[in-house]
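Please read them with the structure open.

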Amino acid sequence: MTVEETLALSTPDAFPSFPYDPPYAIQLDLMRHLYASIEARKVAILESPTGTGKTLSLLCGAMTWLKDEQARSKKGQLAALEESLKGDGNEPAWVLKQSLELHRRELEAAEEALQERLEAARRKEEALRRKEKGHVRKKQKLTHRTASDDEDDDAFLPDGGPAAAEDDYRHLSADVRELLRKYEARDNPAPIEVPDEEPACTKIFYASRTHTQLSQTISELKKTPFKSNTRTVPLGSRKNLCINEELRSKGGDLDESCRELMSGKGDKRCPYMPPAGEDSRMLDFRDHILATPRDIEDLVVLGKELNTCPYYGSRKAIAQAELVTLPYNLLLQKNSREVLGIDLTDQIVVIDEAHNLIDTILSIHTVPLSSSTLRASLSQLKIYLAKFRSRFSPKNALHLRRLVLVLTAIDKFCTDWPSKNHSKGPANEEMLGVQEFVSALGSQVQEINLLEVDQYLRESRIARKISGYCDKVAEKEAAKAESKSKFVSSQRSRGTPPLHAVESFLLALTNPSSDGRIFVSMPNPTTATPGAPPVVLLKYQLLNPADHFRDVVSSARSVVLAGGTMQPISDFETQLFRYLVEGQMNFFGCGHVIPKGNLRCVVVEKGPKGGDMTFRFEQRGNKDLMMELGQLLMNFLNFIPDGVVVFFPSYSFLNAVKKIWEDNGLMAKFGSKKTVFFEPQEGGEVETVLREYAEAIRVSRESASKCSGALLFAVVGAKLSEGLNFTDELARAVILVGLPFANLGSVELKERMKYVTELEKHQESKAKQGARDAGQELYENLCMKAVNQSIGRAIRHRGDWAGLILVDSRYSSPRIRGKLPKWIGEDIVAAKTFGQAMKELGSFYRDKKSGVKG
């Protein structure tokens, strides 16, 4: 047996770290599957419904493997040393034994030294809090530059050195990084890398959609024994972590302002950053971070207590951390990982709430550029050239001429496009291939190597230079006029340099032509300023998510995608992991923790009058059908207690039905049964509506009012269908009306469907004859993912119960049923008549009212 085989980890039968003993069978199965997948270096897709302890199971399964891996690593080092000593030949047995014992003690001493350091940080932090309790913290003053500072204009000349500091990569797309590196290597030898003295370790990168979800992850970790022996660091952006209140209050681009302070010296440097070369303060802060598991808010508090920047401090802690929590965007963008110093090589990546992963990747790497931003860039560039033209080196002059040429060509395209497009028809949008768009810019632009332009933009830091110079000029003009002039408002950027947006768009144009399209539109053609050209929006639309995520998969030891509703899985197989060999990816789906009798899922195919309940787009103006739908709901409200949530496919559908019901008195009848609420289209009003909805249910339960509970009309894909919990009496029924298919008239959707169809045709292992068109499959899967998220709002814990009512005959088809969450299983009743639906649901709610358990 080889050393590798000897050290292989067997999947444990139990997980003592799980805080609730014994775990449910599905929790144990999930932890075992996760452990085995990490050990086998696989991509795992895990579906575990909300309320089943998914996050806790993921943490315990992954952390158990990590601790076992650390023990294995020590054994491996000792085994390798033993093999090496045996290979020397004539070493006596006692020498071999002593050498192994010495190395074992060294390993233990290193671990003990680290733990002592962290314990000292904990004691220091506790003492600091005791000392500062009751004291008022004095706000540090920031001395900063103003326009009156006599800066030398030379500071605004282009840099001539190698590529800019690591943060300059933050705004770039990751599409062609390898191409860019190859190009840069042609002119610049690779820099000598100084090895990081900090010892790195195997770690788990745990990503989720929001910091709120990541905070919940840390709360779950604190329930386990791992809370006391796991070095953890949360990562976030400057927006989340900056504690320099004076800088934040100035507004504008926080990233740019921070970099400006970082480049300052003495009192012009951020007071929360130690001077360059004095690392002890930052190292001390690192130890405080690693000493105790924290979420992003805890990290901000710690930074304020220790007067040290949490943003840079958290970056310093990554190398020695065992668990790193971070939002999607920091993990999925290669440039963000490089900025933060994240190396995924042989690490474990867990992505929670991964049902929208493909859409997230496409969105993150889609690059917009408005004609107004483009013209602002061109205007600033011309002002800059007028000042410095005579002082440019030949190289700078050449690159800036190219840049002006490209920007002028794109500006001309945006100016001409509205009239040219109008001649083709009334539509205010068009989709172009990347090469088609570049060709439309003219032959001179086609001859320019856009990678060279992008390299120059980064190396020269010209975007920042131009923006900085124009800001300085604008401030001087304002000072002269003693008020903000037109020049100020038009030239001062007040945020991210507009040339950065141009830079990202230009780099996107260098992607493989088949990977994306250029979407051209006029968002508000009727609101254009008289005499001014209308605003045209250019958007590079990524169509191929696989290559961007492939960097993560190829580097990591194992990638785990987890969610409450991961079905349908086919999208992950065809769009994200089509390059994986057979057996490298696996899927695990578990049932729910609730008893079978706590869930009743019924498909309603017919209405009270026998009408066909099929809500296709063309039927939404059918008043008779909408009235029968209202009567159907009225019948259900007679016996469903407490809260009822009804999801419609779109706001337009909901608003149309609402008007019909109001005109015919049905809405008033609903109001006599339950207090009626509607999901607001303005996101800021959602919390208010939810609070009032919950209060109406509470009041009705505590009083003898005829109005029993509340009725909430919502929209699939809006705020209420994702991330919000309707626990217990907040949703004793979730009703879905129709299927929320996307608008097939969308140019962007058509291109995406066309792309996956073409991709399927070119696959080596082509689909079987008679298989469904890949574009149509995508279209249906987008719909079902939205449905499944809405369904997941109902059951939130083991003791919860609810009815799931699917009002559309299409839910009865085997294909649609096969894409519903696995935890619903085969227990779906397809009611062929309305009477059968009433019977199934009536018996369910009577049993619950009388306390019968399933």
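Between which two helices is the loop that holds P22 found? P22 is found in the loop between α1 (3-7) and α2 (25-39), where helices (H or I, at least four residues) and strands (E, at least two) are DSSP runs, numbered from the N terminus.

1. Basis of the note. This is a predicted model, in which local features need pLDDT of at least 70 and side-chain atom pairs count only at pLDDT 80 or more, while totals for chains, interfaces and linings use all residues. Residues are numbered from 1 along each chain as its sequence is written, and side-chain values use heavy atoms, with hydrogens and water left out.

2. Overall make-up. The secondary structure of the protein comes to 33 helices and 18 strands. Of its 854 residues, 52% count as buried (buried means under 20% relative accessible area, exposed over 50%, partly exposed in between, with a 1.4 Å probe and protein chains only). Among contacts (heavy atoms within 4.5 Å) with a separation of 6 or more, 82% are between residues 24 or more positions apart.

3. Returning to F572, and leaving aside its neighbours within four places in sequence, its contacts are I45, A354, H355, L357, I358, L561, M566, F577 and K785.

4. The four-stranded sheet. An open sheet has the strand order β6-β9-β8-β7, with antiparallel pairing (two strands pair if DSSP finds at least two bridges between them). Because β6 (367-370) and β7 (429-433) stand at the edges with a single partner strand each, one side of each is left without a neighbour in the sheet. The twist averages 20° from one strand to the next, the axes being lines fitted to C-alpha atoms and the angles running from 0 to 180 degrees between N-to-C directions. Four antiparallel bridges link β6 with strand β9 (residues 537-542), and V367 stands opposite Y540 in β9.

5. Strand β4. Five of the five residues of strand β4 (residues 323-327) are buried, so the strand is largely enclosed by the rest of the structure. In a regular strand the side chains alternate between the two faces of the sheet. Both faces of β4 are covered, with L323, T325 and P327 buried on one side and V324 and L326 buried on the other. Strand β2 (residues 204-208) runs parallel to β4 and is joined to it by five bridges, with P327 as the bridge partner of S208. Strand β3 (residues 232-234) is likewise parallel to β4, through three bridges, and there P234 has T325 as its bridge partner.

6. L712 has its place in strand β15 and is buried, with a relative accessible area of 0%. Not counting residues up to four places away in sequence, L712 touches V644, V645, V646, F677, F678, E679, V689, Y693, L720 and F726. L712 and F647 are 65 residues apart in sequence and 8.5 Å apart in space, C-alpha to C-alpha.

7. Backbone points to inspect. Most residues other than glycine have a negative phi, and most peptide bonds are trans. The peptide bond from D21 to P22 is cis, with omega near 0°, and a cis peptide bond also joins Q567 and P568, with omega about -5°; P568 lies in the loop between β10 (558-563) and α25 (570-576). R461, in the loop between α20 (450-460) and α21 (462-481), has a positive phi near 55° and counts as partly exposed at 29% relative accessibility. D728, in the loop between β15 (710-715) and β16 (733-737), has a positive phi of about 50° and counts as partly exposed at 23% relative accessibility.
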